[in-house]
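Good morning, and thank you for making time for this item.

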Amino acid sequence: MSNNVIEVRDLNIWARAENAAPRHIVKNVSFALQRGQCLALVGESGSGKSVTARALVGLAGEQLQVQANTLSLHGEALLGRSESWWRRVRGSKVGFILQDALVSLDPLRPVGKEIAEALALHGWGNAASRQQKVQALLEEVGVPQAAYRASQRPGELSGGLRQRALIASAIALHPDVLIADEPTTALDVTVQAQVLEVLRQMLDRGTSVILISHDLAVVAKIADQILVMQGGAIVEAGTAQQVLQQPQHPYTQGLINAIPSEHTKGQRLSGSAPGAPAPAGVKSADVLLEARHIVKRFRGHSAVADVSFTLRRGETLGIVGESGSGKTTLSRIALALEAPDSGEVLFAGQLWSHASAAAQRAIRRQIAVVYQDPLSSFDPRWRVADILLDAIALDQHPATHTPRDRAISLLQSVGLGAEHLNQWPARMSGGQRQRVAIARAIATHPQVIVLDEAVSALDVTIQAQILDLLSDLQAQLGVSYLFISHDLGVIHHMSDRVLVMQNGEAVEQGAADEVFYRPRHPYTQKLLASLPRLAALEIA
Amino acid sequence: MTTHLTDYAGPRTQRAGWQLPVSVLLSGIVALFFIVAALTPGALATHDPFATDLYRALQAPSWANWLGTDDIGRDLYSRIIWGTRQSLLIGIGAMAIALFGAIVLGFSAALGPRWLAEPVNRLLEILLAFPTLLLALLFVALLGPSASSLLISVGIGTAPGYARLVRAQALQVKQSGYVEAARALGHPWHRLFIQHIAPNVFRPLFSLVALGIGQSVVWASGLSFLGLGVVPPSPEWGALLEAGKINVTVAWWLEVLPGIAIVLVALSFTQIGRYIQQRAEGEKR
Amino acid sequence: MSELTSAPQTSATRVEERAVPRRRSVALLRTLSVRIASALFVLWGTITVTFLVLSVLPGDRATILLNITSGQVIERTPAELAPINAQYGFDKPIVEQYLHYFWQLLHADFGFSFELQRPVVHIIAEQLLPTFTLAIAALLLAWIIAIPWTLLTAGRNRRLAAFGSAVETIMAGLPQYWIGILLLIVFAIALRWFPVVGGTSLLGTVLPAITLAIPLAGFIGHAIRGEFERSMQQPFVLSARARGMSLAGVRWRHVLRHALIPAITLSGWAIGNLLSGAVLVEAVFARPGLGNVLVNAVSNKDFALVSGIVILISFLYIVINLVVDLIYLIVDPRLRGRA
């Protein structure tokens, strides 16, 4: 008898499209999940990993056509099954967890009801025994005060508790297979660690898990086998050790090289020579931006509580914190888009935060900003050319080219070309749009660029390209960066100095290596301990 | 009546290019017909709308009188055609007043300085507490029944609803990422307004105009139907409905057919308005 | 060397982990009082606006009143006008008139109808019930039409949804008076199923209620449909199905609740729409009620009556909207705690 809980051979999925040929979105995927093991499907957006997972529970979608030589669960074929057969199997023999419990659980119902529903659908017990079971399940996944929490709605719970409640609803009937689709995305690093711990406990108890993620580091923590998908096909498969330490396929290698961390500091992440040293910029001791004792309150709650920092010419100051840490508010104050309740911000020695609007405008072209979502920062009526020309018009440096030529040269310096001038940003890819946003940012020859989660929404390989681009630009133009992110690896890779924020306070500040290798504050220590690292495997 | 329907765009058509959906094509034809009727009624009418012929009173629709005759023998079809101009003009005029009021109130409420925005917002809340018809009735009571009072009353009655839409759109644009990005670049406020805020707020208003004209015609005719608007013997559609009320038991065509004209105008303009809205939204996404 | 810029926190007892049910009710109470205060303000505003509009009449009010009752449109001598002015207080400064008016309202005295020669309050009290029952009947009917129609046609294949949506659009766009006329002609005159002039009997209420219900059903259906289709795309639907729920179960037990929310919020607006629609429908069906009274009052420039009815209807509208807001707060807890 085979030890394979799930067997997939030559799985192919096509997406039917109106007035067009069907798209082949999953190509000849084969794998087998063994009992008690964790198999990870890793890939970027569009790799087909989520669709594959959904096909395993018969929820691929009506527009999709699924075909396979073998697609089985515990030896039973999954193709061509009736809906009523699936209703019996889903939840009882295989559990499915989605990302972001805020929308994956019904926001109008208490989480206890959602979990009880999983039991009721399969005729388990009666109302009273179900209630007890719900509490037991919540305790199993580590939710304290289970009885009280069960009566709360997802919006009333913190991110970690929500996600755990979601897991509880999926394991209610103790299925021996669990499929988790990006269960830790959109979670803070500390919460992410907790959720992975829950999954590890399931594995220890003998549940088999299929984990889908774009994050190799997360996967490295609990996966036994890793499958790398690109464009619908599996490009690499093997044990976690093999794939992470001796990747064979160039895509996997590129994926691993693209991950920013302390090891990649000063190196290129992408392109033809990842790992090669990146050109360093010239730094000086001139203080460009200085914030002194910034305090900002919203509705009685301190968004920013007494934070100070300095930014010198040519350097990158990384501001790192989880959600609610106040880093975004701080960046807006640094940009003088909001005034602090007390404290001040100075630019090149001049008072910036409390200056008159006219004085501020004169300085604004020296401080640029790049946002997390570039599309929302572009006027929907404008093409790329309009966006760039608008910024170029504000440039006070002597113009040696016509504005149009300058626009083209800006596009070229961010890795795009003249052909992009007439494009609509909405029709460009995420990476291209961010490049346009960066081109706009450097159009006025700024001295400081504020990057507010500028790479957080990008796939890892695209992120790597953008980070390399930012490093190159810093070397060429001597610009300083105020780099805000929740991603510790990115921060460590990019920053010279780091400021760690928690609940509006600056808990630790200093040189990047100091803060990361010798953290003194318990919060920083906890953050770093929660960080899933690829390196963890190398030490073993 | 329109305020809520325009908040929701219809299902997005996936087609690229210039294919017109059938419904929009039909709406265009119907709207065009009425516009021609308004401009040159003589070209489309078959009889003199004021010519009476007591021997042919209360005749059902026939080849001689396409839509029948009324109680003193006037041809209904011709009266409807001749009434188009007045009905449409009142509708357009009312919409113009409503739009003007909506823009003034909406922009002040969303973009004005505190001392202006607060009172305007309170005023809007109060005006929105009046059901549309009642607000219009208040002004009809004030001004007495006539075509111009109808225009003003319907305009004022529908203005708060549109003002709410304009305000919501202006707020959304004001708080958008691109306005903030432009501000961060260093553009002064008036440039923000001219370059970004005004164009993006006005864009959805174009569809509103078409929708609103249809609705205004309905409201205005309704008031005339109650005897509070245009008075007979004018062939304005609402007045036609009012005049025909008495004979409804014997001459159904006098009540049903002018109503169909109203419905056709309302539906065709609404459909055109929604199509414009869909095109504007789908274009740049 | 990195600096510690703040004292290390003791092991964090996260605030959320502590049970704080009290915070919930405090926020709810705050929201409640804000809403009520706002409703009172708006009520005051409607009274003031109504008063202002009707005080700004072209032509002297006393003259108009006398002309109405006598049926003649002539110039009046000051001697004739004086007693009227004194009786109604037209000769006093406007602020004083306003305060007097407001004071009377607080005592539920809506003034005296010159045309009908009765206190406005009595007139309204008589006519309010038929209009109100008509509005409620129409609202219920609209819900009964809209909900099943939407549920049947939403969230399934595209053609059905497009068809359902088109029907709703047409329904919403039809003028109420025209629907009434059509129904009257077909069902009362031609088929004789219902009385032509039904008065306030049950049978006589059917056609007027249907007339009002149809356009409203179009609006409500449209709102429900939009929310329904949006909710069907949400991840929690997938989660429910992954637990073993059928598609029908999901629609019924999860998505329906979400879809009904806009219908509830619309109901507040709907009452205003219905009360004003009643004006038109009562004219079509010659049915007694506030609508007919209002129309006559407007054409006769009977201001006391007009302002009385307008204020009353607005008051009802405000109160019902407040109630709907509160229901909404209970049903959708995401709004709690936001003032």
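Which residue in β19(A) is the bridge partner of Val448(A)? The partner is Ser480(A). Before going further, a word on conventions: residues are numbered from 1 along each chain as its sequence is written, while chains are lettered from A and ligands numbered from 1 in the order in which they are written. This is a predicted model, in which local features need pLDDT of at least 70 and side-chain atom pairs count only at pLDDT 80 or more, whereas totals for chains, interfaces and linings use all residues.

Let me stay with strand β18 of chain A, residues 448–452. Strands here are DSSP runs of E with at least two residues, and helices are runs of H or I with at least four, numbered from the N terminus. All five of the five residues in β18(A) are buried, so the strand is largely enclosed by the rest of the structure. Buried means that 20 or more other C-beta atoms, placed from the backbone, lie within 10 Å of the residue's own. Val448(A), Val450(A) and Asp452(A) lie on one side of the strand, and Ile449(A) and Leu451(A) on the other. In a regular strand the side chains alternate between the two faces of the sheet.

β18(A) pairs in the parallel sense with β19(A), residues 480–485, over five bridges. With β17(A), residues 367–370, the pairing is also parallel, over four bridges, and there Val370(A) stands opposite Leu451(A). Two strands pair if DSSP finds at least two bridges between them.

Next, the core. Leu482(A) touches residues including Val448(A), Val450(A), Leu451(A), Leu289(A) and Leu311(A), residues up to four places away in sequence being left out. A contact requires C-beta atoms, placed from the backbone, within 7 Å. Leu482(A) and Ile220(C) touch the most other members of the largest nonpolar core, which has 334 residues. Helix α4 of chain B, residues 76–111, gives the most to this core, with 17 residues. A nonpolar core is a set of buried Ala, Val, Leu, Ile, Met, Phe, Trp, Tyr and Cys residues joined through C-beta atoms within 7 Å.

Elsewhere in chain A, four strands form an open antiparallel sheet in the order β13-β12-β15-β16. Its edge strands are β13 (301–312) and β16 (350–351), each pairing on one side only. β15(A), residues 342–347, meets β16(A) over two antiparallel bridges, with Leu346(A) and Leu351(A) as bridge partners.

I turn now to chain C, which has 12 helices and three strands. Of its 339 residues, 42% are buried. Towards chain B, 47 residues of chain C are in contact with 37 residues of chain B. The largest share of the chain C side, nine residues, comes from α10(C). That side divides into 34 nonpolar, 12 polar and one charged; Ala, Val, Leu, Ile, Met, Phe, Trp, Tyr, Cys and Pro count as nonpolar, Asp, Glu, Lys and Arg as charged, and the others, Gly among them, as polar.

Finally, confidence. The model scores ipTM 0.82 and pTM 0.83. Chain C averages a pLDDT of 78, on the predictor's per-residue confidence scale from 0 to 100. Over residues 1–20 of chain C the pLDDT is below 50. Where pLDDT is low, the predicted coordinates should not be read in detail.

Terms used: Buried ≥ 20, exposed ≤ 12 C-beta atoms within 10 Å, placed from the backbone. Contact = placed C-beta atoms within 7 Å.
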